Structure formats: C-alpha cells, structure tokens
Amino acid sequence: MADKADNLLVALDIGSSKIVCAVAEPIDPQHFKLIGMEEVVSAGMREGNAVDMDLLVEVIRAVVTETEKKSGVRIQKVTTGISGISVVSENTDYMRLIPHNEIEQRDVDGLIADAQKVPLASSTMKYISTLPQEFAVDGIWGIKSPVGLAGSRLDGRLHVVTAKTSSCMSIAKALARSGLELVNNRLLFNPLASAEAILTPEERRLGVLMIDIGSSLADVSLYSGDSIRYSKAFRFGGDTITNDISIQTKLSTIDAEQFKVNVGMVDFRQGIDPEQLQSLPEYSGLRNSPRVFSNRALAAIMEASLEAKFDQIYREIKNRNLTTHLSNGVVISGGSSVIPGLDRLIRRVFGQHLPEDNMIVRIGYPIVSYPDMKYYAPQSISMSDHPNQLAYCSKPAYSTVMGYLNDLNRRHWKQSVTSKRKGILGFSVDYIKELFLRTF
C-alpha cells in the first residue's frame with residue numbers, strides 16, 4: 001500500500017443511509033480515473049446532522065479501510081460536505097472601491113473576503129462558501145470576469161452559504177477521530193456538489209432546477225446565466241415515502257421500504273396492471289389477514305407524498321420569483337430519483353407556469369466509463385456523447401460523491417496552472433537579476 005494519497009483526489013459522502021468513500025487520479029480538468037470506491041450502511045447521522053459520534057466514527061473508519069484496500073493507498077485527507085435544514089443561503093450585494101482604477105484579481109478576491117468578514121445575524125452560524133453570480137464595474141452589471149477592466153468601483157452579487165457552527169464542528173470532529181483531515185479545512189454544500197457532477201454548461205446557462213433526493217433530505221439548487229441563484233436542503237426523501245407507506249398499510253418501516261423498492265411507482269409502465277394485488281406480511285394482532293394491497297393504492301400513497309413535497313419546493317421557487325429561470329426544466333438525481341413515473345409528476349408540479357409538454361425533466365447521473373473507470377465532467381446530455389459502457393457508479397445515488405471529486409479535480413488543475421505561472425514568473429525574475437548583476 002502506498003504511503004499516502006497526496007496526489008490523488010479523495011471524497012467522503014457522509015449520508016443518513018450510506019457513507020461512500022472514493023479515490024481518484026487526476027487526468028485533466030474534465031476527467032479523472034476512479035481507482036477505488038466503497039460504501040457502507042450509515043449510522044450516527046440523521047438529516048445531515050451527527051447524532052451519535054461513536055457510531056459515526058466507526059462507520060467512517062470502516063468505509064475508509066475498505067477503500068484503502070481497494071485503491072492501495074493510505075487515506076489521510078478527504079473532501080466532504082454538509083447539508084440539512086440548518087444550512088442557509090442568500091444572494092447579497094457587496095462593494096469595493098478600486099484606487100488604482102483597474103480591476104485586478106486581488107480586488108475580486110478581496111471583495112469575496114470582505115463579504116465573509118461581515119458579522120452574521122446569529123453567532124451560532126459560520127460561512128461555508130461565497131460564490132460570485134455577477135459583477136458590476138462603475139455601475140455596469142452583467143460582468144462575469146471583471147479582471148483587467150478599468151474602473152474605480154467593483155460591485156459583486158454573491159451567493160452566500162452559512163451553516164451552524166456546531167454541525168460543522170461535529171463533522172470535523174468525526175473526521176479527526178477517524179484519523180482523517182479535511183482538505184483545506186473546507187466543507188462543500190451538498191446541493192452545489194451534486195450539481196458539479198450532473199449539470200451541463202448549457203443547463204446552467206439557460207436555467208435549470210436540480211433536485212437530489214436522498215434518504216432524508218432533498219438537496220435543491222437552481223442555476224441560470226452560468227451562476228447559482230438558489231440552494232437549499234428540504235426535509236424529505238426516500239424515508240419520507242417509506243414512512244407514509246408504513247402508516248397507510250400498517251407495515252413496519254423495513255417491510256414498507258421493501259414494498260416501495262419492489263413495486264413502488266407513481267405512474268404505470270406498459271405491462272403493469274394497476275389493479276394487481278400485492279400480498280402484505282401478516283402481523284399478529286391485525287384483523288383481516290391475509291392482507292392485500294393493489295398497485296394503484298400504493299401508487300396513490302407515493303404520489304400524494306411526493307406531490308406535497310415537490311409542491312413545497314415549487315412554492316418556494318415561485319415566492320422568490322425564480323420560476324422564469326426554469327427554461328431548461330428540472331434535473332432529478334439521488335437514490336430516490338429512479339421511482340417510475342417521477343418525471344410525469346414533476347412536469348405537473350413544476351410546469352404550472354409552462355405547458356407540461358415544454359417542461360424538460362431528466363434523471364441525472366455521473367458519467368463513468370467501463371472498464372477504464374474514467375469520469376467525464378458533464379458537457380452534454382446527448383447520449384451520443386456518452387461512453388458505450390458505463391461503470392457501476394454511474395447511478396444517481398452517487399451524484400454527491402462524484403461532485404466532491406469533480407470539484408477537487410478542477411481545483412487541482414487550477415492550482416497546477418497557477419503554480420506553473422508563478423514558477424515561470426520566478427524564473428524570469430531570477431534570470432533578470434542574474435543578467436543585471438553580470439552586466440554591472
């Protein structure tokens with residue numbers, strides 16, 4: 001086993017139902033090679049928050065150990081993220097005066113740094129990320145890259161994400177107790193991470209809503225004009241549907257989950273009889289045994305559960321006057337996105353401002369080719385651009401962990417380019433000094 005994975009990308013997705021660890025090798029800014037990935041059943045996490053530190057540390061150690069065996073490297077540093085209803089995002093404007101009358105990179109960096117120095121309304125919150133949407137130079141908005149432009153004032157419209165300090169500290173503590181270190185001491189917000197792995201440049205430009213449906217949370221992000229406009233975690237997921245089935249059918253949550261996985265749907269595919277009866281497990285104390293339940297009745301429970309939650313998301317988007325940013329529709333991902341008929345339901349809910357036929361809805365998943373395990377950053381939704389054979393990890397359930405890796409990969413190559421530029425500049429300065437000394 002190699003000593004450590006200094007030149008590799010390592011991601012850890014700490015969810016409520018599963019924990020996934022993945023190791024990859026950078027290839028170029030658009031690709032990396034997956035060399036190891038393992039997952040275990042989660043414990044000690046609920047709705048994005050640590051609730052049992054000992055259990056959480058135990059499962060993190062277990063998945064990291066298995067991934068080390070698979071990849072052949074010793075893992076010390078990882079990138080991970082955070083989600084939950086306590087994470088808050090907002091769009092805010094900030095300003096910075098430019099005394100030298102030309103916008104430099106340090107001015108842009110300074111504007112973002114200044115934004116993170118503004119005291120938060122609550123002392124229990126901390127900054128997670130600050131992402132530029134657009135800039136204005138001397139009052140002219142709509143600028144994406146202001147560096148090099150002449151001007152005496154720089155304004156920035158930023159998407160600011162904050163989270164509870166205690167939640168962030170719990171994740172950091174769990175990593176430390178597991179013998180791990182957080183890369184750059186930086187947590188990603190999961191809705192943004194999932195989008196990293198799934199959304200194409202065209203979707204981000206035209207306007208798209210992404211919903212990553214996990215077991216207990218739905219991570220939502222909205223992009224338009226190549227910028228993030230909205231992000232939030234909603235308290236619902238696959239477990240919500242399971243609980244509603246359990247209540248309506250008097251099944252245990254374990255049996256209700258199995259019932260949902262085996263025959264659950266919100267629309268009937270060809271060859272599926274809506275009136276077909278499914279036998280339910282018999283429990284002592286219940287009358288009318290043996291019990292049966294029709295496909296139609298199960299679909300009605302699932303549809304009501306999902307429609308209420310999707311409508312909640314739609315109302316939030318509408319109240320923020322963001323429905324006009326849905327020109328390219330909705331992308332769904334996450335483990336619960338594969339429920340048959342979910343696309344029809346989303347068209348009905350989110351197509352309230354557009355004809356349903358014009359509402360694009362697709363299932364998003366990371367593109368990893370087989371057998372070379374090469375990841376492709378999202379460029380097009382055209383199937384002709386995809387590899388002929390996809391790896392096992394090309395599933396909606398792995399969007400978040402692949403998003404972590406994609407973010408790491410982009411930063412790796414950006415840092416590499418910056419280092420080369422500094423090296424060339426340093427060489428030039430040394431050469432000029434040496435030439436000067438020789439001459440005089």
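A crossing of two helices is left-handed if the near helix is turned anticlockwise from the far one by less than a right angle, and right-handed if clockwise. In this predicted model, local features need pLDDT of at least 70 and side-chain atom pairs count only at pLDDT 80 or more, while totals for chains, interfaces and linings use all residues. Residues are numbered from 1 along each chain as its sequence is written, and side-chain values use heavy atoms, with hydrogens and water left out.

The crossing of α8 and α9 is right-handed. Helices (H or I, at least four residues) and strands (E, at least two) are DSSP runs, numbered from the N terminus. The axes of α8 and helix α9 (residues 342-350) come within 10 Å and cross at roughly 40°; axes are lines fitted to C-alpha atoms, for helices over the stretch in contact, and angles run from 0 to 180 degrees between N-to-C directions. This makes α8 oblique to α9, where angles under 35 degrees count as roughly parallel, over 145 as roughly antiparallel, 65 to 115 as roughly perpendicular and the rest as oblique. Residues in contact (heavy atoms within 4.5 Å) include F310 and Y314 of α8 and F350 of α9.

F310, Y314 and F350 also belong, with F236, to one aromatic cluster. The structure holds 5 aromatic pairs; rings of Phe, Tyr and Trp (its six-membered ring) pair if their centres lie within 6.5 Å, and planes under 30 degrees apart count as stacked, over 60 as edge-to-face and the rest as tilted. F32 and Y375 are stacked, at 4.3 Å centre to centre with 10° between the planes. F32 lies in strand β3 (residues 31-41) and Y375 in strand β22 (residues 374-376), so this pair ties together parts that are 343 residues apart in sequence. Both F32 and Y375 are buried (under 20% relative accessible area, with exposed over 50% and partly exposed in between; 1.4 Å probe, protein chains only). The rings of F236 and F310 are edge-to-face because their centres are 5.8 Å apart and their planes at 90°.

Backbone exceptions were also found. The peptide bond from Y370 to P371 is cis, with omega near 10°, and P371 is found in the loop between β21 (367-368) and β22. N101, which is not a glycine, has a positive phi of about 60°; N101 is partly exposed, with a relative accessible area of 46%. Most residues other than glycine have a negative phi, and most peptide bonds are trans.
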